[in-house]
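Subject: Structure handover

Hello,

Here is the structure I promised to pass on to you. Please have a look at it first, and then read on for what turned up.

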Amino acid sequence: MAPLQPESLFSKLETAPADEVFALMGDFQADTFPEKAEQLLLDDPTFDHEYLPIPGYAPFYNLARDLIFGTEDSSIPKDRIASLQTISGTGANHIGARFLADHLPHLPTAGAKRTIWISDPTWANHHLIWNLVSSGSSGNPIELKTYAYYHEPTRSLNFDGMMKDLEANATTGDVILLHACAHNPTGIDPTRSQWLQIADLCERKGLFPFFDSAYQGFASGDLDNDAWPIREFAKRGMELCVAQSFSKNLGLYGQRAGAFHLLCRNAEVTARARSQVVELQRGEISTPPSYGPRIAAKILSDPALVEMWKEDLVTMSSRIKSMRRALYDELQKLQTPGTWEHIINQIGMFSYTGLTKEQVGLLREYHIYMLDSGRISIAGLNTSNLKYVADAIDAVVRKTAKPASNGSNGSNGH
Ligand SMILES: Cc1ncc(COP(=O)(O)O)c(C=O)c1O
């Protein structure tokens, strides 16, 4: 019988490099730093499983309000903002839609219906949420219409189309839904000067802005920068509302931590409007969940934790930007037919790649999954899978490319 090997057959193996994202998550889990927000919460003797009040956990929704509206500008007084905790961003969108469908008065031009304007395209749930409330419990229906947003040939913002649509068709008392930053699904935001023109249009035509803020800090890495459009509209004295989510920027997805804020003309109206939103909340969910918002409040109320969070936001947003750049560079290197600059010009987690439904279907053979619209989550890319994804995109684009009549590379099937 052969003697047992003194050493393991694998003793010469080197440690394989860890996957960056999973390693980061593992490091975080293993971190016993007593300042971790969740640990602070568990150590808090006042933490219990009682119901929260109907509007939620006040420290949370007040801190959330300050994060969106800022604390610097005294032209936005806090007593003009009705805030309450919601079932994350989706719940905030819903309760805002329900409230406006029921209570926003319309000053119609004869025969005109009230309209909610949403971008084409938008987060798919906006359609569902507004369709659910469209009959309006006051018997005053609200109709869903889209305004131009995405310019497919250039894969950029169709700003002229958007302004023309709204100028020609929106009427006083209509609601316009705007993504505060990192537009989902296109990843294309207006520039600051375009935002100013949108604000002018809303003011001039008397449109009610409804901001959806699901990615504050995730787009540019700077919380104030990503809230800039909301603050710009607010300081003009306009009435507006905000649906705020902490799913992505605090990673609290399943905890459903969000807030709804309604900015009104004066404190007295604000208090009455808030009582109506609170009543809706009572009828729909009674009282919101307590765990996630308490974690968020632990972070938002502690300057040292806020600083750490800001660093994390810079890390996350920079990683996404570097993945955009790497995918672009790889496609350039492969000379993949078509233009790909839009991948680096877009912002946030998502990219509208411009890939066709057929190409998206073919990518499944490479085990790459994206929406039929060609939207990918850039956050899903990492240094290990990037080359594979680029090679697969290159292969399917070449396979489906129509022969270009002018001898150029063509434009990737659009
Ligand atoms: C534009 C937009 N609004 C709202 C949400 C709401 O997310 P949640 O309900 O998870 O906070 C999302 C999430 O994908 C989104 O992209």
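Lys298 is partly exposed, at 24% relative accessibility (buried means under 20% relative accessible area, exposed over 50%, and partly exposed in between, with a 1.4 Å probe and protein chains only). Lys298 makes a salt bridge with Asp44, and their closest N and O atoms are 3.2 Å apart; a salt bridge here is a side-chain nitrogen of Lys or Arg within 4 Å of a carboxyl oxygen of Asp or Glu. Because Lys298 sits in helix H10 (residues 291-300) and Asp44 in the loop between helix H2 (37-43) and helix H3 (58-69), the pair ties together parts that are 254 residues apart in sequence. Helices (H or I, at least four residues) and strands (E, at least two) are DSSP runs, numbered from the N terminus.

Before going further, a word on the basis of all this: the model is predicted, so local features need pLDDT of at least 70 and side-chain atom pairs count only at pLDDT 80 or more, while totals for chains, interfaces and linings use all residues. Residues are numbered from 1 along each chain as its sequence is written, and side-chain values use heavy atoms, with hydrogens and water left out.

Back to the salt bridges, of which the count comes to 18. Another one pairs Asp66 with Arg65, with 3.1 Å between the closest N and O atoms. Asp66 is buried at 19% relative accessible area, and Arg65 is buried at 10%. Arg325 and Asp329 also meet through their side chains, at 3.6 Å from N to O. These two are four residues apart in helix H11, so about one helical turn separates them. Arg325 is partly exposed at 42% relative accessibility, and Asp329 is partly exposed at 36%. There is also a network in which salt bridges with shared partners join Asp200, Glu203, Glu232, Lys235 and Arg236.

Next, the ligand. Which residues come nearest to it? Among the 14 residues around the ligand, they are Ser88, Thr90, Asn184, Asp212 and Ser245; a residue counts as near if one of its heavy atoms lies within 4 Å. Helix H4 (residues 88-103) gives the largest share of this shell, four residues. By type, the shell holds three nonpolar, eight polar and three charged residues (Ala, Val, Leu, Ile, Met, Phe, Trp, Tyr, Cys and Pro count as nonpolar, Asp, Glu, Lys and Arg as charged, and the others, Gly among them, as polar).

Some polar contacts can be picked out here (pairs of N or O atoms within 3.5 Å; within protein, one must be able to donate a hydrogen and the other to accept it, and residues adjacent in sequence count only if both atoms are side-chain atoms). Asp212 has a polar side-chain atom 2.6 Å from a nitrogen atom of the ligand. Tyr215 places a polar side-chain atom 2.7 Å from a ligand oxygen atom, and an N or O atom in the side chain of Lys248 is 3.0 Å from an oxygen atom of the ligand. On its own the ligand has 400 Å² of accessible area, and the protein covers 90% of this (areas come from the Shrake-Rupley method with a 1.4 Å probe; for residues, only the protein chains shown count as cover).

The backbone has a few features worth a look too. Most residues other than glycine have a negative phi, and most peptide bonds are trans. The peptide bond from Asn184 to Pro185 is cis, with omega near 15°, and Pro185 lies in the loop between strand E6 (175-179) and helix H7 (192-205). In the loop between E6 and H7 you will also find Ala182, whose phi is positive, near 50°. Ala182 is buried, at 3% relative accessible area. Gln335 is not a glycine either, yet has a positive phi of about 55°; Gln335 is exposed, at 58% relative accessible area.

The Thr400 side chain reaches the backbone oxygen of Val396 at 2.8 Å.

Enjoy exploring!

Best wishes
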